[in-house]
Amino acid sequence: RQALSDRIKPVLTINKLDRAVLELKLEHEDMYRLFKKHIENVNVVISTYSDGSMPGEACLSPESGSVAFSAGLQGWAFT
């Protein structure tokens, strides 16, 4: 809430992608749906606490570069 009120643009990192692929053996479409659902849920929380001073800017999406995907154990990430 504080970051949004200070007009700091939020970013999201989805970590442990290596686990989704190697351990859970999720299909590409299943991972896409899962990540999309999580991003939408975070956007709902952001819109709940946003005061409207940053319309559109506070919305997270991989296309805008505000979502990063990573595997910290293996030391890689991309936006």
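Ring pairs link Phe-35, Phe-69, Trp-76 and Phe-78 into a cluster, where rings of Phe, Tyr and Trp (its six-membered ring) are taken to pair if their centres lie within 6.5 Å, with planes under 30 degrees apart counted as stacked, over 60 as edge-to-face and the rest as tilted. By this rule there are three aromatic pairs. One of them joins Trp-76 and Phe-78, a stacked pair with 6.0 Å from centre to centre and 10 degrees between the planes. Trp-76 is partly exposed, at a relative accessible area of 32%, and Phe-78 is likewise partly exposed, at 43% (buried is under 20%, exposed over 50%, and partly exposed in between, with a 1.4 Å probe and protein chains only).

The model is predicted, so that local features need pLDDT of at least 70 and side-chain atom pairs count only at pLDDT 80 or more, whereas totals for chains, interfaces and linings use all residues. Residues are numbered from 1 along each chain as its sequence is written, and side-chain values use heavy atoms, without hydrogens and water.

Three strands make up an open sheet of mixed pairing in the order E1-E2-E3, in which strand E1 (12-14) and strand E3 (76-78) are the edge strands, each pairing on one side only. Strands (E, at least two residues) and helices (H or I, at least four) are DSSP runs numbered from the N terminus, and two strands pair if DSSP finds at least two bridges between them. Strand E2 (residues 67-71) runs antiparallel to E3 and is joined to that strand by three bridges; Ser-70 has Ala-77 of E3 as its bridge partner. Helix H3 (residues 28-49) packs on the sheet, touching E1 and E2 (contact means heavy atoms within 4.5 Å), and its direction makes about 155 degrees with that of E1, the axes being lines fitted to C-alpha atoms, for helices over the stretch in contact, with angles from 0 to 180 degrees between N-to-C directions.
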